Amino acid sequence: MNLIEKYAPEANKLSINQYCPPKCFELAGKEFKFIMDTGEETGDITLNFIDETKLTYSVIGGKRSGEATYECRKGDDWTYLVTYCLYDPRENHTFVIDKEQGLVTFLRCPLGENPYYPYLIESHWTFGYIFDAEKEHTDRRRHGFTDDVTGTCVKWTYGHELATVHYYYNSKWYRITYPKDKIKSEDQAAMNESLNSALSALPGPDEPAFYVKIKEGLYLVSITEQNMEKILGDKMGLRSDTLCFLDNWNRMYSVGRGYGTSTMNGEEGEIYVMIGKYGSPEEVDEHFFTDPCPYLV
């Protein structure tokens, strides 16, 4: 029996989450209070992890609270990526809980804030620390935005046939291309052709990005397909997807989540997927680092 022939077609259907690692249940039964004192939405946050899938939350100074189904993956031995979705209105909450340093990052991604583009997703960032009733947190340092990643080109592989190349050419932007490797399956070749065709209809493959340093060698990278949404709209079917990745450069792997809306075949549905990927060097096309951003004057 050839296991590749048997299982590869099914594995390929998993697309961007084929290499996603198993769920992490280490936070089940634990409660965290975060003091979010830096950024856009300061105030106390409480997360109570009821079990392996459910948590209760109180965020934005208690303006939103309730119960949600969460996903958790680890970026390293001490650092957790936790994410869940809310409705009415729709938004995604993603946390990086850094137990090694006692710090936390909160990324809130709502839909509907832009009156011209209802599917457009925005990113709101807040930073703070993990409250410990038995020990005062005296360290004034926080996770924060960085330009450390600028100048990096990496090939990220999400599945046995799915990969992209990211150019982090600016502290607030990134560019995407597709690797030059030969694609074996007809389905993946067709997908790459479709994606390349969509990109060719844009002034450039640039999208806004945020880069947050968590610790040495560990960065949270968040990108949102805002320009694609503004220009192509329903022609793509993927509406302003936002993806955030906890990239571990010491081990060259990453865990993340994708969130947005699909309007494929005229039907609206939520996109919410957990992602795993590993990195490798890629031949650099220098112009991707030097071309001016076509969306800025």
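## Salt bridges in the model

A salt bridge here is a side-chain nitrogen of Lys or Arg within 4 Å of a carboxyl oxygen of Asp or Glu. With that in hand, the whole of this predicted model can be searched, and 19 salt bridges turn up.

Let's start with Asp44 and Lys33, whose side chains meet at 3.7 Å, N to O, in a salt bridge. This pair links distant parts of the chain, with Asp44 in strand 2 (residues 43-49) and Lys33 in strand 1 (residues 31-39), 11 residues apart. Asp44 is partly exposed at 39% relative accessibility, and Lys33 is partly exposed at 32%.

Next come Glu100 and Lys215, with a salt bridge of 2.7 Å, N to O. Glu100 sits in the loop between strand 6 and strand 7 (103-110) and Lys215 in strand 13 (residues 206-215), so the pair ties together parts 115 residues apart in sequence. Glu100 is partly exposed at 48% relative accessibility, while Lys215 is buried at 10%.

## A linked network

Glu91 and Arg64 form a salt bridge at 3.6 Å, N to O, between their side chains. Because Glu91 lies in strand 6 (residues 91-98) and Arg64 in strand 4 (residues 64-76), the pair ties together parts 27 residues apart in sequence. Glu91 is buried at 3% relative accessibility, and Arg64 is buried at 17%.

Both residues belong to a network of salt bridges that links Glu41, Arg64, Glu91, Arg108 and Glu113.

## A buried serine

Ser222 is in strand 14 (residues 218-224) and is buried, at 1% relative accessibility. Leaving aside residues up to four places away in sequence, Ser222 touches several others, among them Leu107, Trp125, Phe210 and Cys244.

Definitions and conventions
Residues are numbered from 1 along each chain as its sequence is written. This is a predicted model: local features need pLDDT of at least 70, side-chain atom pairs count only at pLDDT 80 or more; totals for chains, interfaces and linings use all residues. Side-chain values use heavy atoms; hydrogens and water are left out. Helices (H or I, at least four residues) and strands (E, at least two) are DSSP runs, numbered from the N terminus. Buried means under 20% relative accessible area, exposed over 50%, partly exposed in between (1.4 Å probe, protein chains only). Contact means heavy atoms within 4.5 Å.
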